Amino acid sequence: MISKEIRFFLKKALLFSLVLVGISLLLYDTLLKEFYLKAFPIQFGIVALMTVFSHLKLMNASERNPRKFSTTFLSIMSLRLFVYLVFILVCLLIDRTNAINFVVTFLVLYLAFTIFEVIEISNFLKKNPNSSN
């Protein structure tokens with residue numbers, strides 16, 4: 001059974017993703033038309049899925065054993081950065097012509113989802129009495 005906190009986070013993540021997709025489509029259709037990349041949907045999907053995966057793991061870790069939260073946080077962030085690095089390298093090896101656009105787009109998505117995740121995990125840890133670190 002999915003807990004209330006997880007359902008609430010998944011709804012917020014979906015809403016945040018839809019807002020970002022809407023803003024992206026608007027920008028790529030008007031101001032940034034020449035900078036659109038075919039890899040953008042893949043970039044967006046990978047960053048969104050990794051954010052949801054890592055957040056759910058962190059929620060689970062804080063509920064199970066708050067003392068191991070720091071270790072879990074570092075290992076999940078390391079895995080996440082490694083996946084991002086491999087993804088970026090593979091995409092840049094496939095298509096070097098749009099490298100700057102690709103990296104800038106990825107960085108914007110990474111920052112947006114990281115800010116979202118930090119706010120959400122901070123709120124979760126404040127509300128959850130079992131996760132006193």
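Let's start with the open space: the largest pocket holds about 300 Å³. A pocket here is an open set of points on a 1 Å grid over the protein atoms alone, where a 1.4 Å probe fits and protein lies on both sides within 12 Å along at least five of seven lines; lining residues have an atom within 4 Å of a point. The volume is the space filled by probe spheres set on the points.

This is a predicted model, with local features needing pLDDT of at least 70 and side-chain atom pairs pLDDT 80 or more, while totals for chains, interfaces and linings use all residues. Numbering runs from 1 along each chain, and side-chain values use heavy atoms, without hydrogens and water.

Of the 14 lining residues, Leu27, Tyr28, Leu32, Thr105 and Val108 are closest to the pocket's centre. H4 gives the most to this lining, six residues. The lining divides up like this:

| Residue kind | Residues in the pocket lining |
|---|---|
| nonpolar | eleven |
| polar | three |
| charged | none |

Now for the packing. The largest nonpolar core has 16 residues, and Phe44, Val47, Phe102 and Phe113 touch the most other members. Such a core is a set of buried Ala, Val, Leu, Ile, Met, Phe, Trp, Tyr and Cys residues joined through side-chain atoms within 4.5 Å, with buried meaning under 20% relative accessible area (1.4 Å probe, protein chains only). Helices H1 (4-29), H2 (40-64), H3 (69-94) and H4 (99-127) each supply at least two of its residues; helices are DSSP runs (H or I) of at least four residues. H2 gives the most, with five.

A second, separate core of ten residues includes Ala13, Phe69, Met77 and Ile121.

Methods: Buried < 20%, exposed > 50% of the residue type's maximum accessible area, 1.4 Å probe, protein only. Nonpolar A, V, L, I, M, F, W, Y, C, P; charged D, E, K, R; others polar.
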